Amino acid sequence: MKVPNIKTELPGPNAQRIIADDALLMSPSYTRSYPLVVKRGNGANIEDVDGNLFLDFSAGIAVTSTGHCHPEVISAVQRQAAQLIHMSGTDFYYPQMTEVAKRLSAIAPMPGPHKFYYGNSGAEAVECAIKLARYHTKRQNIIAFYGAFHGRTMGALSLTASKPQQKRRFAPMMPGVTHVPYPNVYRHCSTDQAEQEAYALSCARFIEEKLFRTTLPPEEVAAIVLEPIQGEGGYIVAPTIFLQEIRRICTRHGILMVVDEVQSGAGRTGKWFAVQHAGVEPDIVTMAKGIASGMPLGVCMSRAEIMDWIPGSHASTFGGNPVCLAAAMATIKILEREAIANAATVGEYMLQRMASWPHKHEMVGDVRGRGLMIGVEIVSDQERKTPAAAERDQLIQLAFERGLLLLGAGESTIRLTPPLIITAKQADVAMDILEDCIASLAMQHAMAA
Ligand SMILES: Cc1ncc(COP(=O)(O)O)c(C=O)c1O
């Protein structure tokens, strides 16, 4: 089977009908980058409702970690659905809750014992982390970072600082949140490593040396919440020294270090958690997206002594649904057996090949990432690093027309987040298409000039 294989104009006739209905019926707040109407998925392949085949380097926003419809995930879901679909872990017990918790405890990025809370989404996992940090520390304030994306419910949204439209007309936000700079080394430094580390350190030290000495008493801060690699904000990788310094600041002031691994977790970066690349042990971790291969599950985990709240403090009717947990069990097995190692190997291969792109293509300012969490930043001027949002969007559209599914992130970055089971050959196909799109857009620009 040749993938991609585009047989109709896009969108095709069936897709056009559904998109017309969607325009009448669905919330206009959704952010569709191109008119893809999906019928089925298999591995890294997507078939649309007109029979066109696409190579999926979006994984449904970094979710289908084991590929679309992995046979082991399908059979786990089918078996569980035939036995018990729902009972609510809030009021009753069922064995899947502790079975998954035991597996997660074995892979957690900090020493145990651990405790776990299940929700239905990334935002719910973050809400849990916010409430838990406040409850446990009896402190109110939270520090988060510019560029962060933690979700769209009001607590998580209050920490989010990625794009103004995410917050416009939704104020007032939850009080007690202070945003500080995140170390975007591409935007602020040359390629000199010492310069990058000094800058990253200065971002962390701003908290202690400025914030704590002027406006925010450290003993009133419950948590510092961060993504080890900012996702929606542009695939920005925090230098190791920054994460280590945040850990030091948290430990020194009795503040909880909350690591949001909703996008970077579940093996995407070639380790279970992105924070593990820095050798840093957080206090609270949030997960969602890839942990159940597309079934909705959010996880908030902490060192056991932190999760000390009383019955009724926090819960959810659907959170930790047995079918979702069965999918998570199957997913964890596949990730451990092969997919995380594959993400490390194929990711490294892609990053190596793409490292030459800024030298070959004026439009590419930076290529960065870990494992299969890769960002390509598009600029109109390499020297000035001017973000080129329109060109980024055009490239994503061009790639779609050639059968490659990509998503944007940040102001002008393209994210590559395929399922973790892709082969090097599929990676080559995707990189060939994207590189071709970059070359043809550059050609269009040159002809227009
Ligand atoms: C790091 C991070 N946290 C939280 C969220 C929110 O997750 P959800 O959309 O499942 O609520 C996202 C979603 O993109 C995310 O990337």
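Biologist: Where is Lys-385 found?

Modeller: Lys-385 is found in the loop between strand 14 and strand 15 (386–387). Helices and strands here are DSSP runs, numbered from the N terminus: H or I over at least four residues makes a helix, E over at least two a strand. Before we go on, residues are numbered from 1 along each chain as its sequence is written. And this is a predicted model, where local features need pLDDT of at least 70, side-chain atom pairs count only at pLDDT 80 or more, and totals for chains, interfaces and linings use all residues.

Biologist: What is phi of Lys-385 near, and is the residue buried or partly exposed?

Modeller: Its phi is near 60°, a positive value in a residue other than glycine. For exposure you count the other C-beta atoms, placed from the backbone, within 10 Å of a residue's own: 20 or more is buried, 12 or fewer is exposed, and in between is partly exposed. Lys-385 has 15 such neighbours, so it counts as partly exposed. Now look at Ala-62, which also isn't a glycine and has a positive phi of about 60°. Ala-62 sits in helix 2 and is buried, because 27 other C-beta atoms lie within 10 Å.

Biologist: Which peptide bonds are cis, starting with the one at Pro-113?

Modeller: That one joins Gly-112 and Pro-113, with omega about 0°. Pro-113 lies in the loop between helix 4 (95–107) and strand 4 (114–119). The bond from Ala-171 to Pro-172 is cis too, with omega near 5°, and Pro-172 lies in the loop between helix 6 (154–159) and strand 6 (177–180).

Biologist: How do I read the domains of the protein chain?

Modeller: The bounds come from an automatic or database domain assignment. Here it gives domain 1 (13–69 + 338–448) and domain 2 (71–335). Taken over C-alpha atoms, their centres are 25 Å apart. Contact means that the C-beta atoms of two residues, placed from the backbone, lie within 7 Å. Between the domains, 30 residues of domain 1 and 29 residues of domain 2 take part. On the domain 1 side, the elements giving two or more residues include helix 10 (322–354) and strand 13 (364–370). Helix 10 has the largest share of that side, six residues.

Biologist: What about the largest nonpolar core?

Modeller: A core is a set of buried Ala, Val, Leu, Ile, Met, Phe, Trp, Tyr and Cys residues joined through C-beta atoms within 7 Å. The largest one has 130 residues, and Ala-129, Ala-327 and Leu-404 have the most contacts inside it. Helix 10 gives this core the most, 16 residues. Each of domain 1 and domain 2 supplies at least three residues to it. As for Ala-327, if you skip neighbours within four places in sequence, its contacts include Val-73, Ala-76 and Met-295.

Biologist: And how many residues surround the ligand?

Modeller: You count a residue as near if its C-beta atom, placed from the backbone, lies within 6 Å of the molecule. That gives 15 residues, with Gly-122, Ala-123, Gly-151, Val-262 and Gln-263 the closest. Helix 5 (residues 122–137) gives the most to this shell, three residues.

Biologist: Last one: what is the radius of gyration of the protein chain?

Modeller: You take it over C-alpha atoms and compare it with a globule rule, 2.2 Å times the number of residues to the power 0.38. With 449 residues, the rule puts a compact globule near 22 Å, and the chain's 22 Å agrees. The C-alpha trace spans about 60 × 55 × 45 Å along its principal axes.
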